[in-house]
Amino acid sequence: MAARRDRADPTAPSRNSVVDDPADGWFPESAATTYDAPGGANAPEVVLPALQLLEALADGGPALELAVGTGRIPAPLACRGLSLSGIELSRAMAARIADKPGGERVAVTISDMTTARVAGEFSLVSLAFNTICNVLTQADEAEVFANAAAHLRPAGRLLIEVGVPDLRRLPPGQDAVPFALGIGPGGTSGSAGIESCDVVHQTFTSTHITVSPGGASRFRTTPSASAGRASST
Ligand SMILES: C[S@@+](CC[C@H](N)C(=O)[O-])C[C@H]1O[C@@H](n2cnc3c(N)ncnc32)[C@H](O)[C@@H]1O
């Protein structure tokens, strides 16, 4: 599965009035409210192959998604008859799961995937959409892998979807590259995404800038770490 980051919807309403709960981390209400916008990672041509792969890997057994988000993947998987559990840090993101068909059958635990345990043994544990990059230290990455292993039944599978930062697109002396540009009708609204990279520490920050048709703007940054970095940060 190819990880994509260009999910911003240039025509989405302004999120300036939303109150965010710091406990929800980098994906609070203001992020959750447009996370399920059509297109990008929510496009059927992106979701369907992911469902088919995960269903095949689960092999009929129960599956657990770490950092399950708004249920983009497990809700439709539950509709296919799979038993689904999820762990998610953000209450704002998780609150969207039950709204989706199949979402009411996803058993969600609000907690940190580095440490949280849920009951049962799973034939598949997965991390979708670059989520492993949301843990910012190598020690926490190792905790996630250990926690995933602790949930797997013998011969169970762990699947991680993660993009590799486009470092080769960085011209000498430059530390940021655009990854998305959406221009709304009339050219007076839109969105832009910029990735800045710290190549020494192997971390990067995604910045999303959105200007709504009414003129309201939103600036949001999300820090990430490059999964599988060579040394501790
Ligand atoms: C890019 S979203 C991906 C959501 C979902 N996996 C998907 O494919 O749509 C990253 C998610 O990871 C969650 N997250 C980040 N760090 C977490 C942690 N330590 N434990 C649990 N969830 C976490 C965020 O709240 C957010 O919902």
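The model is predicted. The chain has 5 helices and 9 strands, and 32% of its 233 residues count as buried. An open sheet of 5 strands is part of the fold, and 21 residues surround the ligand.

**Overall fold**

- Read from the N terminus, the elements follow the order α-α-β-α-β-α-β-β-α-β-β-β-β-β.
- Contacts between residues at least 6 apart in sequence include 62% that join residues at least 24 apart.

**The five-stranded sheet**

- The strand order in this open sheet is S3-S2-S1-S4-S5, and the pairing is parallel.
- Strand S3 (106–110) and S5 stand at the edges; each has a single partner strand, so one side of each lacks a neighbour in the sheet.
- On average, neighbouring strands of the sheet are turned by 20° against each other, with direction ignored.
- Strands of a sheet pair through backbone hydrogen bonds, in either a parallel or an antiparallel way.
- Strand S2 (residues 84–88) runs parallel to S3 and is joined to it by 5 bridges.

- H2 lies across S1, strand S4 (122–127) and S5, and runs at about 150° to S4.
- Helix H5 (residues 138–151) also lies across S1, S4 and S5, running at about 140° to S5.

- Asp 59 is not a glycine, yet has a positive phi of about 55°.
- Asp 59 sits in the loop between helix H2 (44–58) and strand S1 (63–66).
- Asp 59 counts as exposed because 12 other C-beta atoms lie within 10 Å, and the cut-off for exposed is 12 or fewer.
- Ala 155 is likewise not a glycine and has a positive phi of about 70°.

**Ligand shell**

- Of the 21 residues that surround the ligand, the closest are Ala 67, Gly 69, Leu 89, Ala 128 and Phe 129.
- Sorted by class, the shell around the ligand holds 11 nonpolar, 7 polar and 3 charged residues.

Definitions and conventions:
Residues are numbered from 1 along each chain as its sequence is written. This is a predicted model: local features need pLDDT of at least 70, side-chain atom pairs count only at pLDDT 80 or more; totals for chains, interfaces and linings use all residues. A residue is near a molecule or strand if its C-beta atom, placed from the backbone, lies within 6 Å of it. Ala, Val, Leu, Ile, Met, Phe, Trp, Tyr, Cys and Pro count as nonpolar, Asp, Glu, Lys and Arg as charged, and the others, Gly among them, as polar. Helices (H or I, at least four residues) and strands (E, at least two) are DSSP runs, numbered from the N terminus. A residue is buried if 20 or more other C-beta atoms lie within 10 Å of its own, exposed if 12 or fewer, and partly exposed in between; C-beta atoms are placed from the backbone. Two strands pair if DSSP finds at least two bridges between them. Axes are lines fitted to C-alpha atoms, for helices over the stretch in contact, and angles run from 0 to 180 degrees between N-to-C directions. Two residues are in contact if their C-beta atoms, placed from the backbone, lie within 7 Å.
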